[in-house]
Amino acid sequence: MLSFLHQQLLNDYQQDFPLSPTPYLDIANTLGVTEEEVLAAFSALAEQDFISRIGPIIQPNQLGISTLVAMAIPEADMSKVADIVSQYPEVNHNYEREHRFNLWFVLIARDQPHLANVIEQIERQTGFKTMQLPLLEDYFINLGFQLDLDSKAEAILVSA
Amino acid sequence: MDHIDREIISASQAGLPLTPEPYQTLAEQIGISADDLMQRLTHMQELGIIRRIGAIPNHYRLGYKHNGMTVWDIDDTFIDALGKKVGALDFVSHCYHRPRHLPDWPYNLFAMVHGKTAEAAAIQIQQIANLLGEHCLAHEVLYSTRILKKTGLRIKANVPS
């Protein structure tokens with residue numbers, strides 16, 4: 001089970017992580033615990049992969065250029081195509097989804113020619129066409145997803 | 001934004017170290033002072049390059065196994081107004097306007113929902129449908145069946161802007 005401290009760290013620090021010389025101490029003072037407890041709790045959350053990392057989240061298209069790409073791949077070719085696509089360092093968030101368009105990934109490149117070049121290489125290497133759906137507008141407003149952590153999460157923290 | 005800003009972002013994608021002075025550690029890696037690093041992070045937040053600084057939860061590991069990409073065909077006249085409303089829902093983690101790709105792809109609004117159960121996800125999707133009402137002509141939900149690759153942002157720090 002996640003302790004109360006784990007839950008607070010997960011829910012309250014998705015944004016506004018302190019930008020100060022000693023952020024973990026600041027959090028500890030806010031929550032009324034010690035810096036060691038905060039560090040141990042974050043370490044446990046990271047080790048168990050309950051948080052992917054602590055750090056800045058970059059606004060899309062602020063560094064280079066990106067697009068969402070979808071491909072419709074026959075089941076028999078899926079593994080091969082997925083492996084080819086995942087090999088590109090420009091590709092992240094590659095997902096298989098239940099749909100005729102069953103392969104979905106985000107491509108990030110330094111500029112438009114670089115992006116076009118990677119798309120062309122992927123199409124040539126896999127033999128399948130891509131559908132590009134670049135971001136036109138970002139409607140993201142809420143700054144943190146409220147996690148429901150009370151109901152017995154599969155979360156089992158051994159060391160905490 | 002200069003090459004040092006890019007180096008800061010690149011170095012921070014691995015995550016802030018879990019040590020008492022994490023910004024100091026990061027600054028040493030780059031060869032600048034911690035004060036300079038913190039000022040640059042503040043400035044990049046003000047400019048909107050950095051959206052926020054925080055601990056990024058892994059929804060899937062926390063029990064949210066039903067992650068649906070909901071896609072909607074919205075009348076272009078209303079897309080901005082409706083997109084903002086959908087983006088403000090507290091269970092929506094991402095909400096984007098993207099181009100249609102006719103005839104294969106009629107959908108222009110994307111919203112990600114996360115449920116611990118299929119029922120929970122279905123309720124969220126119904127709430128979005130209610131909000132969009134008659135301005136939505138069609139929609140689909142694409143659930144992920146396999147995560148094939150998931151990495152943080154990868155941008156070479158020395159790329160000229």
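Author: Arg40(B) and Asp5(B) are both buried, where buried means under 20% relative accessible area, exposed means over 50% and partly exposed lies in between (1.4 Å probe, protein chains only). Their side chains meet in a salt bridge, with 2.9 Å from N to O; the term denotes a side-chain nitrogen of Lys or Arg within 4 Å of a carboxyl oxygen of Asp or Glu. Because Arg40(B) belongs to helix 3 (residues 34–47) of chain B and Asp5(B) to helix 1 (residues 3–12) of chain B, the pair ties together parts that are 35 residues apart in sequence. Helices (H or I, at least four residues) and strands (E, at least two) are DSSP runs, numbered from the N terminus.

The model is a predicted one, in which local features need pLDDT of at least 70 and side-chain atom pairs count only at pLDDT 80 or more, while totals for chains, interfaces and linings use all residues. Residues are numbered from 1 along each chain as its sequence is written, chains are lettered from A and ligands numbered from 1 in the order in which they are written, and side-chain values use heavy atoms, with hydrogens and water left out. Chain B has a mean pLDDT of 90, and 93% of its residues reach 70 or more; pLDDT is the predictor's confidence in each residue, from 0 to 100. Over residues 153–161 of chain B, however, the pLDDT is below 50, although this stretch has 19 contacts in the model beyond near neighbours in sequence. A contact means heavy atoms within 4.5 Å.

A second pair in chain B is formed by Asp76(B) and Arg100(B), whose closest N and O atoms are 3.2 Å apart. This pair links distant parts of the chain, 24 residues apart: Asp76(B) lies in the loop between strand 2 and helix 4 of chain B, and Arg100(B) in the loop between strand 3 and strand 4 of chain B. Asp76(B) is partly exposed, with a relative accessible area of 49%, and Arg100(B) is also partly exposed, at 28%. Elsewhere, salt bridges that share partners join Asp2(B), Asp5(B), Asp36(B) and Arg40(B) into one network.

Over all chains, the structure holds 10 salt bridges, and the count between chain B and chain A is three. One of the salt bridges joins Asp104(B) to Arg100(A), with the closest N and O atoms 3.5 Å apart. The pair crosses between chains, from the loop between strand 3 and strand 4 of chain B to the loop between strand 3 (91–97) and strand 4 (103–109) of chain A. Asp104(B) is partly exposed, with a relative accessible area of 40%, whereas Arg100(A) is exposed, at 52%.

The contact between the chains takes 79 residues from chain B and 78 residues from chain A. The area buried between them is about 7,300 Å², of which carbon and sulfur atoms give 61%; buried area is the accessible area (1.4 Å probe) that two parts lose on being put together, summed over both. Arg51(B), Arg52(B) and Lys149(B) supply 11% of the area that chain B buries against chain A, more than any other three residues.
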